[in-house]
Amino acid sequence: MPELPEVETVCRGLASAMTGRRIVRVTLNRPDLRIPFPPELQKTLTNATITGIERRAKYLLFMLDHGQILLAHLGMSGKMLVMQASDYTPKPHDHVLWELDNGQLFVFNDARRFGLMCLLGADEQEKHPLLAHLGPEPLSNHFSEAYLATALKGKKIELKQALMDQRLVVGVGNIYASEALFMCRLSPFIPAHKASKHAGLLISSIRSVLQAAIESGGSTLRDYVRSDGDLGYFQHHFQVYGREGKSCHICEQTVSRAVQAGRSTFFCQTCQKVNIVKPRGDNR
Ligand SMILES: [Zn+2]
């Protein structure tokens, strides 16, 4: 499933290819993805000009010149491609096609159909049911030390699970939660309230792993817009994720894996001691 850095990379790629473009024709090859398309989708998009594309959590917001917003989510397997319409050959799972006024074609391909597209009014952005419950963006100033320290206080659930709760902060998924906790040497298993006094360090670690992933995704932007759009993950940057049994980059002990709330957590038992909350910051 794409995490925040992948969605941000997609967002930047689409924004640079599509901002200012008018949608001249819309084809829907099926009536729904995870939820039905709104009945007025085709009519609302046709002849609208895209004035900007933004990201909120893992949602993409296509701003349209008449004030409405197209809200889209990639789900588990969604891909959004922009190509010359003349280069297009239909592929299985190409569900939504938009022809643009410059001869390009936008394609939303989603094999597993967990993605979605729906419409928001101009003033609905913060109160729409899909967006209203979301916590602050991790890269924004709203995700401050004071905010996080307060939010973690009194929470007895394990720290990694707390960080993955979208109401606390959006976009810290399974991969980047493991990576950020390793970076600040906090155990994923300590009760969240014990990390409250390390909120500043947690924030800088979370931002750092996300920012590094976004930057490495940036180099794939041109390929993304041009060809198959399969970004994958930025694997070469992972310090612990997926490295079970390999040696820790800091202490050379073996990286461990445990299952937390049904998800794999990768960590170093030596660097991230469960009984000592003593982060040592970024040693990379
Ligand atoms: Zn270690």
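Two strands count as paired if DSSP finds at least two bridges between them. By that criterion E2 and strand E3 (residues 59-64) are paired, with six bridges in the antiparallel sense. The model discussed here is predicted.

**Overall content**

The protein chain holds seven helices and 10 strands. Of its 284 residues, 37% are buried. Among contacts between residues at least 6 apart in sequence, 67% join residues at least 24 apart.

**The four-strand sheet**

E2 and E3 belong to an open sheet of four strands, ordered E2-E3-E4-E8 and paired antiparallel. Its edges are strand E2 (50-56) and strand E8 (116-120), each of which pairs on one side only. On average, neighbouring strands of this sheet are turned by 20° against each other, direction ignored. Helix H1 (residues 4-18) packs on the sheet and touches E2 and E3. The direction of H1 makes about 175° with that of E2.

**The hairpins**

E2 and E3 form a hairpin with two residues between the strands. Another hairpin is made by E9 and E10, also with two residues between them. Strand E9 (residues 255-260) and strand E10 (residues 263-268) run antiparallel and are joined by six bridges. Gln260 stands opposite Arg263 in E10.

| Residue | Location | Phi |
|---|---|---|
| Ala57 | hairpin of E2 and E3 | near 55° |
| Ala261 | turn of the E9 and E10 hairpin | about 50° |
| Arg185 | just after H5 | about 60° |

How many of the 10 residues of helix H5 are buried? Nine are, so helix H5 (residues 174-183) is mostly covered. The buried residues of H5 include Ile175, Tyr176, Ala180, Leu181, Phe182 and Met183. Ser178 and Glu179 are also buried in H5.

The largest nonpolar core has 72 residues, and Ala180 and Leu202 are those with the most contacts inside it. Helix H6 (residues 199-218) gives the most to this core, with eight residues. The core also draws at least three residues from each of domain 1 (4-120) and domain 2 (145-268). In general, nonpolar side chains tend to be buried together in soluble globular proteins.

Leaving out residues up to four places away in sequence, Ala180 touches Val172, Leu202, Ser205, Ile206 and Val209.

**Ile206**

Ile206 is found in helix H6. Why does Ile206 count as buried? Ile206 has 25 C-beta neighbours inside 10 Å, and a residue is buried if 20 or more other C-beta atoms lie within 10 Å of its own.

Apart from neighbours within four places in sequence, Ile206 is in contact with Pro138, Val172 and Ala180. Val172 is also among the residues that Ala180 touches. The C-alpha atoms of Ile206 and Leu139 are separated by 8.7 Å, although these residues are 67 residues apart along the chain.

Key
Residues are numbered from 1 along each chain as its sequence is written. This is a predicted model: local features need pLDDT of at least 70, side-chain atom pairs count only at pLDDT 80 or more; totals for chains, interfaces and linings use all residues. A residue is buried if 20 or more other C-beta atoms lie within 10 Å of its own, exposed if 12 or fewer, and partly exposed in between; C-beta atoms are placed from the backbone. Two residues are in contact if their C-beta atoms, placed from the backbone, lie within 7 Å. Axes are lines fitted to C-alpha atoms, for helices over the stretch in contact, and angles run from 0 to 180 degrees between N-to-C directions. A nonpolar core is a set of buried Ala, Val, Leu, Ile, Met, Phe, Trp, Tyr and Cys residues joined through C-beta atoms within 7 Å. Domain bounds come from an automatic or database domain assignment.
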